[in-house]
Amino acid sequence: MKNLLTSKSLHLLLLLSSLFLFLLQNPIQAQIDVFISCPADSHSSNYTSGSQFETNLKTHLLPSLISNGSLNGFFNTSYGNNPDSVYGLVECRGDISMDECNSCLNTSSVKIIEKCPNGKDATIRLEFCLLRYSNLRFFSEVDTSRPLLLLNTRNISGDLVVYKRQLGELMEDLSSRAILKPSKFETGSVRFNDFGNIFGMVQCTQDLSSTACSSCLHAMINQIPNCCSDKRGGRALCKSCFIRFEENLFYELLSPPPPNFPPPPTVEGSLTPPPPSDVTGTNKGSSINIVAIVVPSIIGAMLLLLAVCVYFLRRKTKTTKYGITDGSGIVSAESLQFDFITIRIATNGFSDANKLGEGGFGAVYKGQLQDGQEIGVKRLSRNSGQGSQEFKNEVVLLHKLQHRNLVRLLGFCLEGEEKILIYEYVPNRSLDKYLFDSTRKVLLDWEKRYKIIGGIARGLLYLHEDSRLRIIHRDLKAGNILLDEEMNPKIADFGMAKLFGVDQTQGNTSRIAGTFGYMAPEYALHGLFSVKSDVFSFGVLILEIVSGRKITSFYQSGSSQDLLSYAWKHWREGTALELMDSTLGDSVLRNQVIRCIHIGLLCVQENIEDRPTMSSVVLMLNSHSLTLPSPSQPAFFAGSRTGSSVARKERESDQSRSSSTEYPGNELSAPR
């Protein structure tokens, strides 16, 4: 009998522990999973099956949203022409992994069609993500119509006045911090009484400005008194933002828990104690109550301790790896600054043995910090037009640009006239060292080359449309594409114009910073630049990757043609595959190769307006069912004798021209 009771007690203990863990991880999951909005306004009438709008939505827009949104947690784009154009946006919760994001977005794309069949305007918000589309452009606009209010039916225990005040202050604090972050997302908590916290979360869609985000969040905060200011949890959701609060931790712990300050006193100067636990009954009932209270408390304390340990371990790792401390999400210039002696030691006194190359902006060295971390060190030339403070400010902004296809800027060093940039070290060499080497190019099969094209396109799209700074690269070329361990591409040397005091938003410049052959004609001849200048350079890159030949190889060999005219000739004659690198063999997907040549020719068209944007290019690469427009004649001058002499004459008249023209295609313009 004693053994039987012991066995039952053990089973009860395990059951209670499992139940506690489940509730801890899923506080209100059972209440609601989906927020659906399918308005039936006159502007959002239904589309008919088989229509062009349906094709644009299901075949092009939704796949593009899912594939791109799964990379960074946010993406917005449009497809088609009026009256069949469709605009879409996806966003994942800021505390989840990209795998969870991808899973949620895929589920959303199925559910939104099921819940809003044939609707031209629809929004779905699952637990971890948002998906929205419409026939009208809604980007950067706040929509707080039809808010959804959800509440935990359990009332709070304790002083209601104190609770409301602390809840309001928490939501205001989270909102004020979220609007300043690129993610427009923030979490945090405040201690309510001796037995618990209030945990909160806010998020806006990332296309909103800080002002618009603040407006949306405050509209949702103002809904709290209407539903749940005396409840243990609640949510207010709309199309543009949401807020949520709970008595249990419901998000990934991305920042350290706040100190446990005692709650403020009530008006009478005393705290309202929680209601006493019911421990009356038989001995058996008392035992069960004790187990139910003590065991989960112990387990909860252990889990909290584990979470705190994991956080600080991750924070320590991050600090060691990047030499910065940025747990609060706010990065200062001081936190990114490296000591000059540290960098000198890391590069062995900037020795030639550590030198990787030299480009238009300065020499590049490989370095190793005392903790063993490898870094790339760019020692900038001393013709920068910026002062030290402006330089620091630009580094802080560029540091915030993070994308899997960009080389990450870790920090900087200032010492007198020395201005040095510290990058992550990318172990493989630059693309040109493989692509244009007769022995190494065999390592780039078609699958790798196609992956490289797609990665460059996504990185450039981020710089043009999705980053905070809207960067125009102005020197995109094979030498500025680095390859990591898995041969994934990373764009280097972006933002250099900002670091040298050149306004990125201006439309023309007398300071040409580019490489012969890659520069768009309007930039090389007249100093006019735009995102379409980068698109031209990207088109040249595509044709080089497909052919395995430099843009300048025809000119240097004495041929009357350049790579662009050579590609155009074969395209017009229907022999586009003749352009393909002979080392690729028969393992290529021929339709894929032809499509890449087609996109490359669209990018290098002479008319600026005819060139696609990078968002269109990414869509073309991802959607093989999309019909591409016919390309027009490219700008042949880029490699012709006449055109090159004109371009060279203009460049030589500029005393501050980039030295990249002195190392055509061979310089290492970023750490390798």
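1. Let me begin with the surface. The protein exposes about 30,500 Å², and carbon and sulfur atoms supply 53% of that area; such areas come from the Shrake-Rupley method with a 1.4 Å probe, and for residues only the protein chains shown count as cover. Please keep in mind that this is a predicted model, in which local features need pLDDT of at least 70 and side-chain atom pairs count only at pLDDT 80 or more, while totals for chains, interfaces and linings use all residues. Residues are numbered from 1 along each chain as its sequence is written, and side-chain values use heavy atoms, with hydrogens and water left out.

2. Now the overall make-up. The protein has 20 helices and 17 strands; these are DSSP runs numbered from the N terminus, with helices (H or I) of at least four residues and strands (E) of at least two. Of the 672 residues, 52% are buried (buried means under 20% relative accessible area, exposed over 50%, and partly exposed in between, with a 1.4 Å probe and protein chains only). Among contacts with a separation of 6 or more, 69% are between residues 24 or more positions apart, where contact means heavy atoms within 4.5 Å.

3. Two strands pair here if DSSP finds at least two bridges between them. Seven bridges join β12 (residues 362-368) to the antiparallel β13 (residues 374-380), and Ala363 stands opposite Arg379 in β13.

4. The 12 residues of α10 reach 16 Å from first C-alpha to last, close to the 16 Å expected at 1.5 Å a residue; the expected span is 1.5 Å times one less than the number of residues. Buried residues in α10 include Phe391, Val395 and Leu398.

5. On to the nonpolar interior. A nonpolar core is a set of buried Ala, Val, Leu, Ile, Met, Phe, Trp, Tyr and Cys residues joined through side-chain atoms within 4.5 Å. The largest has 106 residues, of which Leu401, Leu421, Leu431, Trp446 and Phe538 touch the most other members. Helix α12 (residues 446-466) gives the most to this core, with 10 residues. Leaving aside residues up to four places away in sequence, Leu431 touches Leu444, Ile452, Ala478, Ile481, Leu483, Leu541 and Ile545. A second, separate core of 28 residues includes Met171, Cys204, Cys228 and Ala236.

6. Finally, some backbone details to check by eye. Asn82 and Pro83 are joined by a cis peptide bond, with omega about 5 degrees, and Pro83 lies in the loop between β2 (74-79) and β3 (86-92). Arg146, in the loop between β5 (129-134) and β6 (148-151), has a positive phi near 50 degrees without being glycine. Lys184, in the loop between α4 (160-178) and β7 (185-193), is not a glycine and has a positive phi of about 50 degrees. Arg146 counts as partly exposed because its relative accessibility is 43%, whereas Lys184, at 8%, counts as buried.
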